[in-house]
Amino acid sequence: MLVTEFSTGLVEVSERFALWEETTARSHLRNWLRSDDQADFRARMRVLDLGEVQVSMLTYPHLGIMRTAKLIRQSDPEVYQVNYLLRGKGVVSLAGGEAALCSGDLVVMDSSSPYRGDVQADPGSWSHVTVQIPRRLLPLPEKSVQELLGVPMSGRCGMGGMFTRWLTDLNTRATEFTAADIPTLASVTLDLLTSVIARCGGTEAVSSPEGHRIVLRARINAFVEQHLADPAITPQSIADAHHISLRHLQQLLAEDDVSPAAWIRHRRLEQCRRDLADPRLNARPIQAIAARWGFTDPAHFSRLFRTAYGVPPRDYRNLRFKECANHQKPCANRQGQGADPPSILGFRTAGRPSAASSDRTPQSGI
């Protein structure tokens, strides 16, 4: 199960805060907690498990947090926590000083470093997002990241805004994802986070060629996802937007054994597949769905879809509709909406584009 939901409303009032302490210690880190609303602590949490990457949405009234050297000695998973304050205000304190937080701020914490935090949130809606990742997965010099611990970064514009919009969308569509989506979701989350931290730390934050490559790839990933619906996007336009040569772009993607055109095509097909599997879009013509994601030629789209997934778009939609009907309730309301029915589990619905979708296809509607 990718998504786990929890609410303190499940237990008696007197037990709510203790349950929250116990649950967050298991799901995140063990901290000392306190609250002005401890007598009746009403809080919720939704955790999206992406393997080694974990994205959590939280809502609570007031919460004070302290991670001490003693707690670190007792247990240290050696992770970074990236906290995004959706609504509310707060303060975070490290050995180097104290910083105020407001809505839209991002701040990075390290499980191996003591800290204090105090947040006044909005208990009526999701107010806080936490991304937790092993330190070893962040491909940046540790010294550069350490210099940014406890320093507010903007999640309102630029790469920070791209990252926070991604996190918000992850939460909105959390129940649509399947296990096959985990590698892609974790990779994009990590790439965007890397780019945000590198940008805030300045160009010197990425001192190695490998670091430069990873950050550039993260920016290209974000650019492509943002422009998938534009039929005019081409490998050359992507290279131009990032001030690199087409050959350099091809070399970046060659490490994943895929060409730029095939990669764009694969991402567009995946978006079309999701829309075709969404019962809320049953009334939308297949041609309109294809056009929405940059496919301007219906016949060309149908051939590409059949090559990638084994059946024409219409048959795929009908199979999804029958599978939903067999469950006697809308697929959108079930955990794992978007997963293929048993009869078509052999489809290549994630990972690298197949060799069948090579660059023999025209650039128009990649």
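Analyst: Buried means under 20% relative accessible area, exposed over 50%, and partly exposed in between (1.4 Å probe, protein chains only). This is a predicted model, in which local features need pLDDT of at least 70, side-chain atom pairs count only at pLDDT 80 or more, and totals for chains, interfaces and linings use all residues. Residues are numbered from 1 along each chain as its sequence is written, and side-chain values use heavy atoms, leaving out hydrogens and water.

User: What share of the residues in the protein chain is buried?
Analyst: Happy to start there! The protein chain has 366 residues. Of these, the buried share is 53%.

User: How many helices and strands are there in the protein chain?
Analyst: Helices (H or I, at least four residues) and strands (E, at least two) are DSSP runs, numbered from the N terminus. For the protein chain, the tally is 12 helices and 12 strands.

User: Where is histidine 243 found?
Analyst: Histidine 243 is not a glycine, yet its phi is positive, about 55°. Its relative accessibility is 75%, so histidine 243 counts as exposed. Its place is the loop between helix H7 (235-241) and helix H8 (246-254).

User: Is glutamate 78 buried or partly exposed?
Analyst: Glutamate 78 lies in the loop between helix H2 (69-74) and strand E6 (79-85). This residue, other than glycine, also has a positive phi, near 60°. Its relative accessible area is 45%, so glutamate 78 is partly exposed.
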